Amino acid sequence: MTINILAFGIARDILGSSLMNLQVNEAVTSDGLKAELEQQFPGLKNISSFMIAINNEYAQPGQIILPGDEIAIIPPVSGG
Amino acid sequence: MIDIKISDTSLNIQACIDWVMTPKAGGIDVFIGTVRDSTGNEPVVRLEFEAYKQMAINELRKIAEESIINWPVQKILIHHRTGILTVGEVPVIIAVAAAHRSAAFDACRFAIDKLKQTVPIWKKEVFENGSHWVSAHP
């Protein structure tokens, strides 16, 4: 399935875009997506860490991504 | 009562204090984040803040709700700016009102500490000879 991924901060710099379409397997998990993203964008391995958000919530370990979910790459936050 | 805002225009400190005032409170604690003129020895030209807006609002609301659960807080306000800020400008205001000062101090400190851990807002420091996203690299 195709998913749309929002990228912020340094993740946007690494992906080269704030919005990216990605082909993934049905029932991919957030962990599976992270691995796929690191493979396609090796720059993501150079940052301390990143999280995946699904529909404006941090993804739980093993959470399955569904068609139509809003996905975002959340690099280390630095608000305040 | 909770007031959460993410704004791309200047925050208003007095308006935040006015909002958080309540006859039920004996004390108000306010945290004001400010843009510092240097990091290490490097002069800062500006900071650029961006937010994943809806999720940031959600996470700020969770922090406010957690504050109210954990301390006897009457009102809590968290306002955060996005966009370009220069030295001396204010990216964040947290204001807490409680019947007694101990809860106001504690909840306010908790809120800014938690904001810095969980809220999807990012700042880029821009120096004369480069820039970097804060905390991105080990």
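Entry 1, helix packing. I noted that α2(B) and α3(B) are roughly antiparallel to each other, a label given to angles over 145 degrees. Their axes come within 10 Å and cross at roughly 150 degrees; axes are lines fitted to C-alpha atoms over the stretch in contact, and angles run from 0 to 180 degrees between N-to-C directions. Helices are DSSP runs of H or I with at least four residues, strands are runs of E with at least two, and both are numbered from the N terminus.

I then listed the residues that meet: B:Glu59, B:Leu60, B:Ile63 and B:Ser67 in α2(B) face B:Ala107, B:Phe110, B:Ala111, B:Lys114, B:Leu115 and B:Thr118 in α3(B). Contact requires C-beta atoms, placed from the backbone, within 7 Å.

The model is predicted; local features need pLDDT of at least 70 and side-chain atom pairs 80 or more, while totals for chains, interfaces and linings use all residues. Residues are numbered from 1 along each chain as its sequence is written, and chains are lettered from A and ligands numbered from 1 in the order in which they are written.

I found 23 residues of chain B in contact with 17 residues of chain A. On the chain B side, α2 (53–70), α3 (101–118) and β8 (121–127) each give two or more residues, and α3(B) gives the most, with 4 residues.

Entry 4, sheet. In chain A, 5 strands form an open, mixed sheet in the order β2-β1-β5-β3-β4; strands pair if DSSP finds at least two bridges between them. β3(A) and β5(A) run antiparallel, joined by 4 bridges, and A:Ile52 has A:Ile73 as its bridge partner.

Note on methods:
Contact = placed C-beta atoms within 7 Å. Parallel < 35°, antiparallel > 145°, perpendicular 65-115°, else oblique.
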